[in-house]
Amino acid sequence: MTDAKRGAMLLLLGLFTAVLLYPALHEGGHILVTLLLGGRIREVRLGAAASVLCGGLRHGKLAAVAFGGVGLPLVLAMLFRPKHFPLWYVVQLVKGISVLAILLSLISLIGCKYGVIVENDDIMNVVRLWPEGRGICLVLLCTGLLLSVGSICAARPVQRVGEYFGIAKK
């Protein structure tokens with residue numbers, strides 16, 4: 001396969017992961033936690049404005065549902081360790097998008113203390129539903145950030161991509 005075809009394939013995998021796979025995993029995390037906590041799913045929307053509406057849960061449990069969206073993609077990406085390069089690449093992309101999602105949540109969490117509110121952010125929903133949980137949110141988000149960045153670094157992405165394009169030694 002030529003480098004142009006390999007590059008095009010990686011671009012398409014990136015678009016698929018960012019536009020379809022990650023949002024589906026994110027909303028699936030909300031759904032999974034809702035069902036595990038005994039709630040009901042009222043509505044699921046996928047696409048540009050993906051969302052899940054759930055019912056039958058109290059505030060503390062709804063806070064856990066909000067964390068499910070960030071948690072499921074990250075946990076699956078940490079557990080899934082494919083050898084085949086295209087699948088490995090998708091897993092690394094999910095980890096990278098998880099890093100961005102966590103960073104945005106940290107910005108929301110810190111920003112709300114200074115009056116900067118990011119509407120519809122999952123962590124903002126946690127803080128609204130469970131104000132005293134702000135410190136726990138901060139610890140969980142920082143832990144997730146460290147784990148995901150560490151996992152990406154341990155996967156040696158520059159070396160693996162270089163090997164894929166034949167510009168680095170195996």
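**Close-up views of a predicted model**

A search of the whole structure finds one salt bridge, the term standing for a side-chain nitrogen of Lys or Arg within 4 Å of a carboxyl oxygen of Asp or Glu. The model is predicted, so that local features need pLDDT of at least 70 and side-chain atom pairs count only at pLDDT 80 or more, whereas totals for chains, interfaces and linings use all residues. Residues are numbered from 1 along each chain as its sequence is written, and side-chain values use heavy atoms, with hydrogens and water left out.

**View 1. The salt bridge between E43 and R45.** Side chains of opposite charge can pair when their charged atoms come close. Here E43 forms a salt bridge with R45, and the closest N and O atoms are 2.5 Å apart. E43 has a relative accessible area of 28% and is therefore partly exposed, a class that lies between buried (under 20% relative accessible area) and exposed (over 50%), with a 1.4 Å probe and protein chains only. R45, at 44%, is partly exposed as well.

**View 2. The nonpolar surface patch that includes V19.** L11, L12, L15, F16, V19 and L20 form this patch, and together they have about 610 Å² of accessible area, a value from the Shrake-Rupley method with a 1.4 Å probe, in which only the protein chains shown count as cover for residues. Patches are made of residues with over 30% relative accessible area and no salt bridge, with nonpolar side chains (Val, Leu, Ile, Met, Phe, Trp, Tyr) joined within 5 Å and like charges within 9 Å. V19 is found in helix 1, residues 3-36, and counts as exposed because its relative accessibility is 52%.

**View 3. Helix 5 with helix 2 and helix 3.** Helices (H or I, at least four residues) and strands (E, at least two) are DSSP runs numbered from the N terminus. Helix 2 (residues 59-79) packs with helix 5 (residues 134-154) at an angle of about 25 degrees, their axes being 11 Å apart, and the two are therefore roughly parallel. The axes of helix 3 (residues 85-113) and helix 5 come within 9 Å and cross at roughly 155 degrees, which makes helix 3 roughly antiparallel to helix 5. Axes are lines fitted to C-alpha atoms, for helices over the stretch in contact, and angles run from 0 to 180 degrees between N-to-C directions; those under 35 degrees count as roughly parallel, over 145 as roughly antiparallel, 65 to 115 as roughly perpendicular and the rest as oblique.
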